[in-house]
Amino acid sequence: MTESTKPLLGSCLAIVAVLHVLYQPTDASGALPMTSENIDMTLASNELVFLNFYAEWCRFSNILAPIFNEAADKIKAEFPEAGKVVLGKVDCDRETAIASRFHISKYPTLKIVRNGQLSKREYRGQRSAEAFLEFVKKQLEDPIKEFKSLKDLEVLDSKKRSIIGYFDRRDQPEYDIFRKVATNLKEDCQFHVGFGDASQAMHPPGTPIIVFRPDVALSHDNDETYTGSLSNFDELKVWIQEKCVPLVREITFESAEELTEEGLPFLILFYRPDDLNSIKDYKAIIEQQLLDEKQNVNFLTADGKRFAHPLHHLGKSEEDLPVIAIDSFKHMYLFPHFNDMYTPGKLKQFLQDLYSGKLHREFHYGPDPSSNEAQSENAISGKGTSPPESKFKELGPSKHRYTLLEKDEL
């Protein structure tokens with residue numbers, strides 16, 4: 001061996017050693033153990049990485065471990081190609097830096113990384129090998145629906161925000177960027193694309209265009225065109241994320257746990273499923289009058305038929321919809337009259353009364369002397385507002401599903 005070949009040989013051996021650490025042998029079974037040495041490369045080199053953060057001493061982690069390993073084997077058999085999907089597991093007692101990096105506050109926590117970027121939503125579905133396999137299959141489906149004519153766009157779901165791409169061909173590099181962004185943000189928007197004749201009327205030849213269509217918009221008159229670079233993944237993702245993650249979000253039983261974990265009080269519009277006008281007006285008022293409160297409260301809409309239980313505890317039923325209320329995670333407070341929403345400052349004052357403690361104080365001691373409206377409704381009885389206990393806190397992380405940690409445990 002010559003002196004000139006030694007550095008080359010050393011580099012080759014180093015690469016082989018790194019690859020040995022980074023990639024699981026093809027005959028290895030179960031989920032891939034993640035360490036500080038292999039996690040970054042694993043996340044960067046796979047379309048989807050499904051991570052199980054666990055602790056050996058946690059009973060719920062021990063219950064999940066064999067199920068997650070079984071799912072890993074099923075998924076490897078279903079998607080054997082390299083770079084597609086990996087199920088990984090992180091021992092948080094050993095890999096404390098990784099646990100801190102991913103802000104783990106309960107065991108086991110299941111997180112998803114798509115194209116190297118962490119999804120804001122954890123996996124909260126059924127914990128079985130079959131359910132994990134079906135979840136991965138769903139995640140790897142094409143997130144973009146192709147339309148064959150512009151008429152197809154006239155029947156989009158008006159309750160959902162849409163991103164629409166107009167391209168000449170599927171093999172354009174810009175479309176690959178668009179598809180990757182859509183994969184990361186498909187829970188926040190519905191994505192559509194047209195190629196060739198289906199979209200040629202909407203863009204100049206050779207110049208693809210991407211537009212945003214708001215929810216409750218029934219035509220392209222409100223479409224907003226993206227003016228940034230179609231070749232820059234990060235720039236396009238930021239723009240689409242800003243458009244698709246609304247100030248006012250819909251709460252469902254599936255999303256309630258993650259919204260509860262954000263720790264902010266809820267200002268909720270309970271609506272009838274066929275009442276689009278109330279939703280539209282509520283969103284407009286929030287955007288016009290309460291934009292500066294977005295760091296202090298979660299603005300939500302809720303199907304009053306599906307969430308009949310909280311309504312019942314507010315003393316309301318489906319016949320009373322629409323209804324506005326605050327859930328502070330201690331109590332629920334009813335906004336007295338829905339139509340007062342249209343009076344400038346009324347909703348903002350409702351929130352200020354929560355922050356100042358007035359709503360809670362009136363619960364215990366009756367209406368404040370300065371509250372003329374409250375006096376007129378409650379002074380005769382001498383009673384407070386009697387708000388019921390929070391119902392949405394019951395949809396937070398379950399003591400029967402997780403080992404909940406204090407923030408300083410990691």
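## Where α6 meets α7

In this predicted model, Ile177, Phe178, Lys180, Val181, Asn184 and Leu185 of α6 meet Phe233, Leu236, Lys237, Ile240 and Gln241 of α7. Contact here means heavy atoms within 4.5 Å. Sorted by class, this contact has 7 nonpolar, 2 polar and 2 charged residues. In this sorting, Ala, Val, Leu, Ile, Met, Phe, Trp, Tyr, Cys and Pro are nonpolar, Asp, Glu, Lys and Arg are charged, and the others, Gly among them, are polar.

How do the two helices cross? Helix α6 covers residues 173-185 and helix α7 covers residues 233-244; their axes come within 10 Å and cross at roughly 45°. Axes are lines fitted to C-alpha atoms, for helices over the stretch in contact, and angles run from 0 to 180 degrees between N-to-C directions. The pair α6 and α7 is therefore oblique (under 35 degrees is roughly parallel, over 145 roughly antiparallel, 65 to 115 roughly perpendicular, and the rest oblique).

## A closer look at α6

Which residues of α6 are buried? They are Tyr175, Ile177, Phe178, Val181, Ala182, Thr183, Asn184 and Leu185. Buried means under 20% relative accessible area, exposed means over 50%, and partly exposed lies in between (1.4 Å probe, protein chains only).

## Where α3 meets α5

Now turn to helix α3 (residues 59-78) and helix α5 (residues 129-139), which pack at an angle of about 45° with their axes 8 Å apart. These helices, α3 and α5, are therefore oblique to each other, and their crossing is right-handed. On the α3 side, the contact is made by Leu64, Ile67, Phe68, Glu70, Ala71, Lys74, Ile75 and Glu78, and on the α5 side by Ala129, Glu130, Phe132, Leu133, Val136 and Lys137. By class, the contact of α3 with α5 has 9 nonpolar, no polar and 5 charged residues.

Within α5, the buried residues are Ala129, Ala131, Phe132, Leu133, Phe135, Val136 and Gln139. Their cover includes β2 (48-54), α3, β3 (85-91) and β5 (109-114).

Glu70 sits in helix α3 and counts as partly exposed because its relative accessibility is 39%. Leaving out residues up to four places away in sequence, Glu70 touches Ala129 and Glu130. The C-alpha atoms of Glu70 and Glu130 are 9.2 Å apart, although 60 residues separate them along the chain.

Leu87 belongs to strand β3 and is buried, with a relative accessible area of 5%. Beyond its neighbours within four places in sequence, Leu87 contacts Ala31, Leu32, Phe50, Phe68, Ala71, Ala72, Ile75 and Val136.

## The whole chain

The protein chain has 13 helices and 17 strands; helices (H or I, at least four residues) and strands (E, at least two) are DSSP runs, numbered from the N terminus. Of its 410 residues, 47% count as buried.

## How to read the numbers

Residues are numbered from 1 along each chain as its sequence is written, and side-chain values use heavy atoms, leaving out hydrogens and water. Local features need pLDDT of at least 70 and side-chain atom pairs count only at pLDDT 80 or more, while totals for chains, interfaces and linings use all residues.

Note on methods. Left-handed = near helix turned anticlockwise from the far one by under 90°.
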